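Subject: Structure for your files

Hello,

The structure is placed below, followed by notes on what was found in it. Please read the two side by side.

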Amino acid sequence: MHELAIADAVVSMLAEQTTGQRVSRVGMRIGHLRQVVPSSLRFSFALVAKDTPLDGAELEIEPVPAAVWCATCAVESEPHAFPLVCDRCRTTDVRVTRGEEMLVDWIETEE
């Protein structure tokens, strides 16, 4: 369950960045290729945030679909299964352009 480690890192970073301010909401963008289970991350986030300035904060997750750029036909497509292939020509000669993100996009603090 790598979601617990992710939640721990996010809570630690935000506690440091917000210097003790209460945090009410956190928004993250997480790519499909990171294979994070949103419900597990939300549960882990609540667990790790307990007794910190993030206690009770809502974690909003924006999923980012995977996308690849095809070296053969020069188009971007969104593959729906592994292995990652171009939707148009079915080659595996592709480069991931989206879907590996994992970032805190925004935070909302209380006054």
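Strand E3 (residues 67–70) and E4 pair in the antiparallel sense through 2 bridges. Tryptophan 69 has glutamate 76 as its bridge partner in E4. Here two strands count as paired if DSSP finds at least two bridges between them; helices (H or I, at least four residues) and strands (E, at least two) are DSSP runs, numbered from the N terminus.

On the source: this is a predicted model, in which local features need pLDDT of at least 70 and side-chain atom pairs count only at pLDDT 80 or more, while totals for chains, interfaces and linings use all residues. Residues are numbered from 1 along each chain as its sequence is written, and side-chain values use heavy atoms, with hydrogens and water left out.

The E3–E4 pair belongs to an open sheet of 3 strands in the order E4-E3-E5, with antiparallel pairing. Strand E4 (76–77) and strand E5 (94–98) are at the edges with a single partner strand each, so one side of each has no neighbour in the sheet.

Next, strand E1 (residues 23–31). Of its 9 residues, 7 are buried, so E1 is largely enclosed by the rest of the structure. Buried means under 20% relative accessible area, exposed over 50%, and partly exposed in between (1.4 Å probe, protein chains only). E1 pairs with strand E6 (residues 102–109) in the antiparallel sense over 7 bridges, and with strand E2 (residues 58–64) in the parallel sense over 7 bridges. Arginine 29 is bridged to leucine 103 in E6, and glycine 31 to valine 64 in E2. From E1 the chain crosses through helix H2 (residues 38–49) to E2, and this β-α-β crossover is right-handed; that is, with the strands pointing away from the viewer, the path from the first strand over the helix to the second runs clockwise.

Glutamate 62 lies in strand E2 and is partly exposed, with a relative accessible area of 41%. Glutamate 62 and arginine 29 are 33 residues apart in sequence but 4.7 Å apart in space, C-alpha to C-alpha. Neighbours within four places in sequence aside, glutamate 62 is in contact (heavy atoms within 4.5 Å) with Met28, Arg29 and Ile30.

Helix H1 (residues 2–17) has 16 residues and should span 22 Å at 1.5 Å a residue; its end C-alpha atoms are 23 Å apart, which agrees. The expected span is 1.5 Å times one less than the number of residues. Buried in H1 are Glu3, Ile6, Ala7, Val10, Val11 and Leu14. They cover an arc of only 130 degrees around the axis, which puts them on the same side of H1; the arc is that of the directions from the helix axis to the C-beta atoms. Ala5 and Glu16 are exposed on the other side of H1. The buried residues of H1 pack against E1, H2 and E6.

Threonine 18, in the loop between H1 and E1, is buried, with a relative accessible area of 3%. Its contacts, leaving aside neighbours within four places in sequence, are Val23, Ile107 and Thr109.

Regards
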